[in-house]
Amino acid sequence: MVSYVNALLYGVGGLVVAGMTLLVALQEKLVYVPVLPGLAKSYAITPARLRLTYEDIWLRSSDGVRLHAWFIKLFPECRGPTILFFQENAGNIAHRLEMVRIMLQRLQCNVFMLSYRGYGASDGYPSQHGITKDAQAALDHLSQRTDIDTSRIIVFGRSLGGAVGAVLTKNNPEKVAALILENTFTSILDMAGVLLPFLKWFIGGSCSKGPKPLNFLVRSPWSTIDVVGQIKQPILFLSGLQDEIVPPVHMQMLYAKAAAHNNQCLFVEFPTGMHMDTWLAGGDHYWRTIQEFLKQHVPEGKEDDTRAR
């Protein structure tokens, strides 16, 4: 009996050590995947391939990292809404161009696509602290432009991008008019137990029960669940119910947390939507949902109202 207990304890201890080793050595590679297997880090295409009007933008984050972005305009003088788009954790902004092409037409908007540090043509290495600075640099750039309606800047984040966008929106209530979250997780702490189930006993976010002794090892916790409840701007939640990466319950929990403090929240489900293709699976209903949200919360004339005040 004693030997059995000892073996069990050694086994548990081994799991803890293995978990700690994985977290310390591989966590950035699990959270941030700038290069998809078999593909180059560089952009496969540019907006020009899709005949989109765009600018190459080069920025400096507050810590000096050189960042690249594309600013794609519906047409040169477009003063419709401008969407600041934050991508998922894998690949680069070129892989989102087909979706953005449709977004431009359906929403009659401009789109600013930022390459996080370490992604695409941007310098540096990704981290939560660094990417938060990158997002702020992108918003500050947009806010200083004179060729757009700066009162109609909407942050749109998918998956990891939703975590990035939530922090940026909370920190900039005067600059961001609204937030759209799609298939976003409650936190990386909660996702650790989804991707590596044995870790759920040792790592977890504010939604988890019991002590989580290894949380201190996670360098990029991205705890969106602790951020959304502090956001005052309107929030649209777009949830693909067939999401194979982030359990849809994460989006439900984010909505519940936000709606408890903010009466300008809307939650919409897409029954056949997966993690990356909810925009495609949702079809016309997907785009009409966003159109109506923007029409209600970021209407034309907002720029004039802001100036009048």
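**A helix and its surroundings**

Tutor: Let's start with helix H4, residues 160-171: its twelve residues reach 17 Å from the first C-alpha to the last, close to the 16 Å expected at 1.5 Å a residue. That expected span is 1.5 Å times one less than the number of residues in the helix. The names are simple too: helices (H or I, at least four residues) and strands (E, at least two) are DSSP runs, numbered from the N terminus. Keep in mind that this is a predicted model, where local features need pLDDT of at least 70 and side-chain atom pairs count only at pLDDT 80 or more, while totals for chains, interfaces and linings use all residues. Residues are numbered from 1 along each chain as its sequence is written, and side-chain values use heavy atoms, with hydrogens and water left out.

So where does H4 sit? Ten of its twelve residues are buried, so the rest of the structure largely encloses this helix. Here, buried means under 20% relative accessible area, exposed means over 50%, and partly exposed is in between (1.4 Å probe, protein chains only). The buried stretch takes in Leu160, Gly161, Gly162, Ala163, Val164, Gly165, Ala166, Val167, Leu168 and Thr169. These residues pack against strand S3 (82-86), helix H3 (128-143), strand S5 (153-158) and strand S6 (178-182). Contact, by the way, means heavy atoms within 4.5 Å.

Now hop across to one of those neighbours, H3. Helix H3 has 16 residues and reaches 23 Å between its first and last C-alpha, close to the 22 Å expected at 1.5 Å a residue. In H3, the buried residues are Gln128, Gly130, Ile131, Asp134, Ala135, Ala137, Ala138, Leu139, His141 and Leu142. Their cover includes H4 once again, along with S1, S2, S3, S4 and S5.

Arg117 is in the loop between S4 and H3 and Asp134 is in helix H3, so the pair ties together parts 17 residues apart in sequence. A salt bridge is a side-chain nitrogen of Lys or Arg within 4 Å of a carboxyl oxygen of Asp or Glu. Both Arg117 and Asp134 are buried, with Arg117 at 6% relative accessibility.

Arg117 has another partner: its side chain also forms a salt bridge with that of Asp63 (2.9 Å, N to O). This pair links distant parts of the chain, with Asp63 in the loop between S1 and S2 and Arg117 in the loop between strand S4 (110-114) and H3, 54 residues apart. Asp63 is partly exposed, with a relative accessible area of 39%.

Ser61 joins in as well, as its side chain makes a polar contact with the side chain of Arg117 (3.1 Å). A polar contact is a pair of N or O atoms within 3.5 Å; within protein, one must be able to donate a hydrogen and the other to accept it, and residues adjacent in sequence count only if both atoms are side-chain atoms. Ser61 lies in the loop between strand S1 (53-60) and strand S2 (66-73) and counts as buried at 5% relative accessibility. Setting aside neighbours within four places in sequence, Ser61 touches Leu67, Arg117, Lys133, Asp134 and Ala137.

Let's step back to the whole chain. The structure holds twelve salt bridges, and Glu55, Lys73, Arg145 and Asp147 are linked in a network of them. What about disulfides, meaning pairs of cysteine sulfur atoms within 2.5 Å? The structure has zero. Cys78 is in no disulfide, the nearest cysteine sulfur being that of Cys109, 7.4 Å away. Cys78 is buried at 2% relative accessible area, and Cys109 is buried at 0%.

Overall, the protein chain comes to nine helices and eight strands, and 51% of its 309 residues are buried. Among its contacts with a separation of 6 or more, 75% are between residues 24 or more positions apart.

Technical notes. A disulfide is a pair of cysteine sulfur atoms within 2.5 Å.
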